[in-house]
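This report covers helix packing and a few selected residues in one model. The sequence and structure come first, and the text follows.

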Amino acid sequence: MVEIAEDRRTWLLSGLTSSYAVHLTEGHELLHLHWGPRIALADAEALAALPAPGGSSFESPLDGREEYPVEGGPRFVRPALSVRTEERRGTEWRFEAYETEGDELRLRFGDSGLAVTLHYRMRDDVVERWVTLANDGPALELLRADSATWTLPERDGWRLSQLHGRWAAESRLVRSDLTYGEKVIGSRRGHTGHQHLPWVALDCEATEESGEVYGCALGWSGSWRISVAQLSDARVQITGGAGYDDSGLLRLGPGESFTTPVFAGLWSDGGFGGASRAWHAYQRAYIIPDADQDRPVLFNSWEATTFDISEEQQGALARRAAAMGVELFVVDDGWFGARTGDRAGLGDWTPNPDRFPAGLKPLADHVHALGMQFGIWVEPEMVNPDSELYRAHPDWVQFQPGRTRTEFRNQLVLNLAREDVQQYLWEQLDGLLSSAPIDYVKWDFNRCFTDAGWPGEAYPQRLWVDHVRALYRLLDRLRAAHPGVAFESCSGGGGRIDLGIMARTDQVWTSDNTDPLDRLAIQHGFSQIHPARVMAAWVTDSPNTQLNGRVSTLRLRFVSAMAGVLGVGGDLAEWSERELVEARDWVSLYKEIRPVVQRGDLYRLRPPTGGLSAVQYVHGDEAVVLAWLQAQHYGEPVAPLRLRGLDPAATYECRETGEVHRGAVLLHHGLRTGLHGDLDATVVRLHRI
């Protein structure tokens, strides 16, 4: 809901429990008024009437109060907008008009032919903000164009939460006191990156289930930057958007425009858990395609066969997977071109004639006859130098003239900003999806930008932005042409996870690390912002030869992976009959609890810091608890868990033990009967009676 004051200079957006307000002064300065608990329009007007704080000649009266600080004028904070023309640099804008359309508010400013429109939209309690820049004057350069600057209320002290990591160790949560100065996170790698997820949260004294939490998440799948600054007067502002530095985003000629990605913000007074549940509900309602449809249990052939694949061998795996209850069979790398290893074939998206003499259709038909969907792996944005594509078009990759072309994983990055590359990939992928009954595509991205050059282009810097925009257009076009095909975003694990890519894919590959204990911390961090509905998790072999050699039970591996979208990635040809039977039982159990896990509200009962950890999902009259016991000490019994999110006046029955609970459920016997020692796990189901 958008409300407008009588003076047409104060605007208030309100959601379920929160409000956001801004005010335009007589001097055309747009000031932030309020972000927090829901208020009335009269309250916003009263805030606008308060006198401006005083200051010295060494400080700016705008810093820490301005809604979207631009470069130029009496400002010293990091600018959200930096513009350069041949004559000058900076912005001196004036307010021109506002308009509303549905639940969207637009505030338009102008500066010498450049129109700057600030967009606001409240969805439930998430405020979406973005900016449109339209140039009607001479050519100009956008050095920086952030999506939003968020201003926090004055508090005695703030604590910053962020998700950091690396390959195979993504999404690890860390919290630290915010100090004076700037904390900058981001990616200069051309994709979202394994090192940070584009999300931050700030609190003063919140717990898991109580206290104020402010969170911000950026929807952009390329290089990005978020700056959290505590200014000299202790005010805190968060600024973020596409691009890592200020070396230039785009050049806008006359008649050209640029729309930034959405930078979303959320206020919650329900602690970190309440904030997470609000983020999850927002993504299921507004971001994730077909979020009301549960994702199937999949089998992926990579760890079973790596590059050494054939139609017959994949068919044998498919029969074992189907007997286990798997619903989606995915052929990973090695089905195309001359792809017998990682040195050749990328870019040649046609089935290998020796391995699939009649193409993919016979295998896909066989998989469908077994009652499963069929999926494939692709990495369209990459090319091997040893490929037919590269030999025909060596100029299609990113490179700097006169410099050695760096190869990671024996591959180079295609310059997707080029229209001819876009057209080639569309033709290849559209033809591929039309050639066989393919239901699912695992879209990988295994190499960061390095030599990001574009010889012959007047403004080569634009490839950093235009690559991502072209990726989005290609995915949108493929989804429209093949509406029955689901897509997974993968980037060497969790290297491309953000609200932008999630709007175009059905799930994401969380990490290449499938160790069930390591995954508990990765999934704990991931859940701070993203829901279980998109979090792909696999059961692989023991010992874990891909990473750490750890030995773990099939029970522990399954219960760990059942916290998200369950998949299996082990070598089923080597599994014993006993293991296959046990796995079938776990898959069957997962299908029973899947609606609760994938669509339910998440409660993190105990973090994975050692000992007992647990999560709970609540959906309608059903609740599911997944618990993991990493270690027991000194003969201590398993500590009981007090469940959350249940009706205190209702009665619940535990399906595993038959126990009946009323009010706030305290699980004790159900845990003790399910957990028997170190590295153990259990599933407890409750339903309202």
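The buried residues of helix α5 are covered by elements that include α4 (311-324), β23 (328-331) and β24 (373-378). The model is predicted, so that local features need pLDDT of at least 70 and side-chain atom pairs count only at pLDDT 80 or more, while totals for chains, interfaces and linings use all residues. Residues are numbered from 1 along each chain as its sequence is written, and side-chain values use heavy atoms, with hydrogens and water left out.

Helix α5 spans residues 361-369, and its residues L363, A364 and V367 are buried (under 20% relative accessible area; exposed is over 50% and partly exposed is in between, with a 1.4 Å probe and protein chains only). These residues lie on the same side of α5 because they cover an arc of only 100° around the axis, the arc being that of the directions from the helix axis to the C-beta atoms. An α-helix has 3.6 residues a turn, so residues three or four places apart point the same way. After α5 comes G371, which has a positive phi near 90°. Helices (H or I, at least four residues) and strands (E, at least two) are DSSP runs, numbered from the N terminus.

| Pair | Angle | Axis separation |
|---|---|---|
| α11 (residues 554-561) and α12 (residues 577-599) | about 25° | 11 Å |
| α4 and α12 | about 55° | 8 Å |
| α7 (residues 419-435) and α8 (residues 463-481) | about 30° | 11 Å |

Axes are lines fitted to C-alpha atoms, for helices over the stretch in contact, and angles run from 0 to 180 degrees between N-to-C directions. Angles under 35 degrees count as roughly parallel, over 145 as roughly antiparallel, 65 to 115 as roughly perpendicular and the rest as oblique.

Helices α11 and α12 are therefore roughly parallel to each other. On the α11 side the contact (heavy atoms within 4.5 Å) involves L554, R555, F558 and V559, and on the α12 side E579, E582, A583, W586 and V587. These residues comprise six nonpolar, no polar and three charged; Ala, Val, Leu, Ile, Met, Phe, Trp, Tyr, Cys and Pro count as nonpolar, Asp, Glu, Lys and Arg as charged, and the others, Gly among them, as polar.

Helix α4 is oblique to α12. Here R320, A323 and M324 of α4 meet L580, A583, R584 and V587 of α12. Five nonpolar, no polar and two charged residues make up this contact.

Helix α7 is roughly parallel to α8, and the crossing of the two is right-handed. From α7 the contact takes Q422, Q423, L425, W426, L429, D430 and L433, and from α8 A470, R473, L474, R477, L478 and A481. The classes are eight nonpolar, two polar and three charged.

Two single residues remain. T682 is part of strand β39 (residues 680-688) and counts as buried, at 4% relative accessibility. Beyond its neighbours within four places in sequence, T682 contacts R555, V559, V625, L626, A627, L671, G674 and L675.

G658 sits in the loop between β36 (651-654) and β37 (660-662). With a relative accessible area of 38%, G658 is partly exposed.

Note on methods: Left-handed = near helix turned anticlockwise from the far one by under 90°.
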